[in-house]
Every structure is written in structure tokens, then in C-alpha cells.
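This report sets out selected features of one protein model.

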Amino acid sequence: MTARLHENPLLGTADLPDFAALRPEHVSPALDVLLAEAEAALVLAADGHEAAADYDDLARVLDVPVERLRRAWGHVCHLQAVADTPELRAVHAENLPRITDFSTRLASDPGLYARYKALAAGPQAASLTPARRKVLADAVRDFVLGGAELQGADRERFAALQEQLAALSKRFGDNVLDAVDAYALFVDEDRLAGVPADVVRAAREAASAEGRAGCKLTLQLPCYLPVMQHAEDRALREQIYGAWARRASELGEARFDNSPLMREIVELRQEEARLLGYPSYAHLSLVPKMARSPEEVLGFVHDLARRARPFAERELAELQAFARGTLGIAELQPWDRSFAAERLKQQRYAFGSEEVRPYFTLPRVLEGLFELIGRLFGVRIDEEPASTWHDSVRFFRVRRQGPGALPVAGFYLDLHARTGKQGGAWMDSARQRWRRPEGALQLPLAHLVCNFAAPVGDQPALLTHDDVITLFHEFGHGLHHMLTQVDEVAASGISGVEWDACELPSQFMENFCWEWPVLQRLSSHVDTGEALPRALFERMLAARNFHNGLAMLRHCEYGLFDMRLHLEPGRAGQETALAFEVAALLSPAVPAPFLRYPHSFTHLFDGGYAAGYYGYAWAEVLSADAFSAFEEAGLFDPATGERFREAVLESGGSRPAMDSFKAFRGREPKLDALLRHQGLLPDETGGRAAALPA
Ligand code: ZN
């Protein structure tokens, strides 16, 4: 053994983990200990032993070691994401299979399932708190959806389906990646007029790396998008768009054709649903979600599409007129749309993110954000020293305002991009709130991670407005995790929250980034100290709603395609036909006859979004509607903040998300607020049409 166990930070019991001391050589020895404890606990809990007879006993026997294992493994995964080294990656890869294996057995153990079922239906259940009953119900539901009730041949078939589906999905995703990677178009640099210089430079370097002259264009997004948006050469755009639209389909290279995989995936999903007793995969997919039925989702999507349609029609007509009049494009084709839209947008709102950035210094933005959170939710946030994985990472404690200033949570803030750190932004749990079986209250810890540009010299870091929105978004998730008052580990914070409701608090917080009084508090010019000028804010606001009608319809189109594909019998193998049928129904723009978007729709065929794509728009409706309560009562109204905290943030997964929403809003969600925010209400004076500069 290379490290002494009592010095292993993954086995420590201190309030905060000693991240600075954690080394790759600690990982395997700690997991040996923690996995052995968890394995023993699973045996004890699953074999009907009396020591795990009631809710508290089961928590003591099973949840304590399992939570300890998950927490330690979570630290390892976190470090691998934010401070990766070859050594850490190696121990992560080495240990991942045994963690996955344990999790799979924990989720499908027949003895454990019987135990949960007995607890959920037993005489004691009625005296449990609603949160505990929800935990048991969720656990039983997840076992059932994992095939726990199936017997004999059905059980075997179900397991085979899971395996086949995983393999087919993987192949689907690989085909899309490979089709994109296999494509290259070499062109002379003079054909790239209009394309940003850094994109041209990258294309030139890519060509010369292969010993070729000119520029190498690919279907990778950092190349494809700017070419479609900016290349003045129309024939070039048509060529690249054609390759993009046909990728991984029967119209592209045969070896990457996803047609047979799609058909098989949809067929097998329908079979899986039938085995579990559901009429379609769409019905099955919605069981653990907030939306109650496929009909409700269809109604939702159609309603949204109907309301966005007139705006999309106007936007398209405007774009066509602009293309004809200004760009000399008589008939706007699919490969012209991004290009024309970009030109129109520039002409109307001309401002760059660089113009806005000097107003958003990181210290000022954080100060403004913490002040806002304090005013809304009655907490205060103070920095404290803590052991971390990098010098730039800071730790903060969240306390209730008022006497005693009781701590409620803590969070690590890791905001800047650096080597060894994964891109993107996310919130992750480092620890969950839990009234532990031995009686102690464990407080939640969060990781808030972004990838903003680091400060240069002695100047503070400057954020774009998009960065500010990202920060607010992740803080929304963080508040959901940290302000929870639920005592059950499986239902506190974001645990047990329906998948299509998870983005409510995060998207809710984003709305504040578009409010003038908030932006004034967040901004202070790096040189002059001046707040963001009102005129600049107005231009940002107007540009925000540019082509929202078309964007909304595209979301609806994908959502409707997804839901109908997984709902209607006999759709397997009809993906292309259905895609055109849905486009004809919803969209004012005519798609290219060779467009094959289903063939590269990885969200549906190699991701978790099957019969769930509507979730994006769904969560936006919830968050916009929740935010409109603040617009009605006053942006900083403490009573509304308290109600939101109690109804939504504190209650986590302890009850259905619809109940939480209704507890806050007093009714079910409505579309109006989202449509108003996006400038998609016909009679809204402050809406899109009026916000456009002449
Ligand atoms: Zn999010």
C-alpha cells in the first residue's frame, strides 16, 4: 500500500475535503476500503436481514456507506474535470469499471428491490414524512423501469434490449463523429472572403499540417458555423451545407449511413416500452418526467409553435427582402439563411461583445450577484480559506441572514480556463444536505465551475454579457442544491427533481441579467468605474430577440418530430418522411430536399433526450413564468423571493415539480411570460416589433 490510510484525504472526516493534499495514489486504496464497505452493506440490505428492516435502519446500513463511496468518487471525478493529469486520468479509468459495476448491481438487485417495495407498501409507510414516501416511491419506480418486475423470458429479453440499445446508440454517435471527421474541402484562401481572420488562419494551418496549399474546411462547428454565417462565396456555402445536411445519411458515404440504426433503435425502444406495459416509448420516457402524457407534450409544442408562427413568418419575409434588396440574393436558399441573418443583425444592432466587456469586471459582477441573492433569498455569502486544487479557486460559506447567522451551505468557485480543465460551465454537488441516520445534519457543498478568461496583469478579469448569464445560470443550479431544506439525501437539492424541471432555477436566474436595475449594480467600467450606459443596454436588449420566432419554431419542430417518432406506431424506418411532414406542418421555411437531420440527431439516438427534446422549451416556460412573478411584485420583492426559496429552491425532489411550481405561482405554468420575454406576443407594446431601432 503506497499511502497510509489514515492520511488518505478521500477517507477523511473533516468538514471540508483536503483537495490540495489529494494525490492520484490515494484513489485506489481509498476505493478498496469504501467499495468493500458498500458491497458488504448491499449484501446485508438485500438478503432480508433484520438490521435493515425499517427506513432508518436501511439508511444506516446502506445509505451511509454508499453515500461515502459516491462522495469520494465524486471528488475524484471532479478533480479529473478541473485539474487533470495523466496520472489522475489513469487511476480514474482504472477504477471506473468497478464503480459502474457496483452502481449497476445496486440499481438492479432483486433483494433490495423487494426491500424497498415492502417499505413503500408496509404499515410504517403512512407514518413517514412525505419526502420519505417520495424517496421510496422514486426508488421503486426506478427499479421497475429497470425491469425489476419482469420474469423469465421477458426479463432476459429486457436485459438484451438494454445491451443492444447501448451498442446501437454508440454506433449511431460514432457514425456522426466519423462522417464529420471524414469530410474535408480544400479551397483557395480567396474563396473565404468575409470569414473571420482567426477561422481562416486555423483552416490554413490545418491544410499546411497535411502538406496541402490553401485552406482546409471541415464540418466541425468552429469551422462550419463561421463559414455558413460569413462566407460571401455562395457556391461554397451551398457545397458545405450540402455535405452537412447529408452527413451520416443514405445520401452521404454509405459506411456512415445511420438509416438502419435509427430504425432498429426506434423498434427496440418500442419493444422495451411494451415489455414494461406502456403503449409507446413516449409514454415510458415521460414516467419520471414532469410532463404527464404525450398528449400534454404535443399540445404544449403545438401551442408554442402556433404562437411563434406569425413572428417566424415575418422574420423570414424580412430576411428574404433584405437578401433580395441588399445582398442581391433573389431566392433565399437554406445555405443563405445564416449568412443573410448575420448581415441583417450586424446592420441593425452593430455592437460587439468587446464593447460590453469592460463594464463587467469579475469582482463587481460577483459583488452584485451576491447582493442580489442576499436580497432575494435572505442569505449572506462570505469568503473563507479552504484547501483547493488551484490557487485561483475560492471557497464561500452561505449563511442565513439574521440572528445566529446559521450556516446553510458552502461552495467552491472555480471560474477561469486553464490547461487540464474541461471546457464549459457546470454546477456539481460535492456533498448533499442530509439528516444523517446518526443524527448529525450534513450541509451541502457545491462546485461552481466556469471557463472565463483569466485576469491579465493587475487588471481584474473582464466578462462578456454571455459570461455573466452563464454565471447566473450556474448559480441558479447552485442555489437549488444549497438552499434545500430537505433532510433526505435522495431528495435534497437537485436529487429526485424531474429531468424536465431541473433547469427551472438556472434559467430563472438568467432573467436577471436582462434587467436594467440589476445590470447597473453588476457593471462598473474597468477604467472609468461607470455603469453600463443605457443606450448600449437597449441595443443588447433589441438584439436579444432577433429571429426568436424562427428559433422557437425550430425547437418546436425538433420536439414534435421526437415525440411523434416515439409515440406513433410504425414510425420506425419513416424518420425522413416524418421530418418533412413535421416541417411542412410547422415551419414557414422550406427545407432542402436533401436535408437529413434525423440521421445526425445524437440527442435522440445517442443521448438522453429521446421523447424528451421538448424539455428545453418546457423548462424555459417554467422559468420565465416564475420570473414574471418578480416582474409583477417588484424585481427585488423579498416576499416573492422568500416564496420562491421555500416553494422551489428548498423543496428539491421532495415532491413533484408541478406541486412546487403551483405552490409558488398558485396555478399551473402558462406560456405568456416566455413569449413576452422573447418578444413573441402580438399585442405587447414593449415587445419585439417596438424594440427594433428604425
Ligand atoms: Zn443548466
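## Basis of the description

The structure is a predicted model, in which local features need pLDDT of at least 70 and side-chain atom pairs count only at pLDDT 80 or more, while totals for chains, interfaces and linings use all residues. Residues are numbered from 1 along each chain as its sequence is written, and side-chain values use heavy atoms, with hydrogens and water left out.

Helices (H or I, at least four residues) and strands (E, at least two) are DSSP runs numbered from the N terminus. Axes are lines fitted to C-alpha atoms, for helices over the stretch in contact, and angles run from 0 to 180 degrees between N-to-C directions.

## The pair of helix 1 and helix 2

Helix 1 (residues 24–46) packs against helix 2 (residues 55–82) at an angle of about 155 degrees, and their axes lie 9 Å apart. The two helices are therefore roughly antiparallel, a term for angles over 145 degrees, as against roughly parallel under 35, roughly perpendicular from 65 to 115 and oblique for the rest. The crossing of helix 1 and helix 2 is left-handed, that is, the near helix is turned anticlockwise from the far one by less than a right angle.

On the side of helix 1, the contact (heavy atoms within 4.5 Å) is made by Val-27, Leu-31, Leu-34, Leu-35, Glu-37, Ala-38, Ala-41, Leu-42, Leu-44 and Ala-45. Helix 2 contributes Leu-58, Val-61, Leu-62, Pro-65, Val-66, Arg-68, Leu-69, Ala-72, Trp-73 and Val-76. By class, this contact has 18 nonpolar, no polar and two charged residues. Here Ala, Val, Leu, Ile, Met, Phe, Trp, Tyr, Cys and Pro count as nonpolar, Asp, Glu, Lys and Arg as charged, and the others, Gly among them, as polar.

An open sheet has five strands in the order 3-4-5-9-6, with mixed pairing; two strands pair if DSSP finds at least two bridges between them. Strand 3 (379–384) and strand 6 (426–431) are the edge strands, each pairing on one side only. On average, neighbouring strands of this sheet are turned by 25 degrees against each other, direction ignored.

Strand 3 and strand 4 (residues 394–400) run antiparallel and are joined by six bridges, with Glu-383 opposite Phe-396 of strand 4. Strand 5 pairs with strand 9 in the parallel sense over six bridges, and His-416 stands opposite Phe-452 in strand 9. Strand 6 is joined to strand 9 by five bridges in an antiparallel arrangement; there, Ser-429 has Ala-446 of strand 9 as its bridge partner.

## Helices on the sheet

Helix 15 (residues 362–377) lies across strand 3, strand 4 and strand 5 (407–416), and runs at about 145 degrees to strand 3. Helix 16 (residues 465–482) also packs on the sheet, touching strand 4, strand 5, strand 6 and strand 9 (445–452), and its direction makes about 170 degrees with that of strand 9. Strand 9 is mostly covered, with seven of its eight residues buried, where buried means under 20% relative accessible area, exposed over 50% and partly exposed in between (1.4 Å probe, protein chains only).

## Buried residues in loops

Ala-248 lies between helix 9 (234–246) and helix 10 (259–275), with phi near 60 degrees, a positive value in a residue other than glycine. Ala-248 counts as buried at 3% relative accessibility. Ser-249, in the loop between helix 9 and helix 10, counts as buried at 0%. Ser-249 and Leu-595 are 346 residues apart in sequence, yet 9.3 Å apart in space, C-alpha to C-alpha. Leaving aside neighbours within four places in sequence, Ser-249 is in contact with Asp-257, Arg-596 and His-599.

Ala-611 is located in the loop between helix 22 (602–605) and helix 23 (615–633). Its phi is positive, at about 50 degrees, although Ala-611 is not a glycine, and at 0% relative accessibility Ala-611 counts as buried. Ser-492, in the loop between helix 16 and helix 17 (504–510), is buried with a relative accessible area of 1%. Beyond its neighbours within four places in sequence, Ser-492 is in contact with Gln-432, Arg-433, Thr-484 and Val-486.

## A buried arginine

Arg-564 belongs to helix 20 (residues 548–567) and is buried, with a relative accessible area of 11%. Leaving aside neighbours within four places in sequence, the contacts of Arg-564 are Leu-298, Arg-571, Leu-578, Glu-581, Val-582 and Leu-585.
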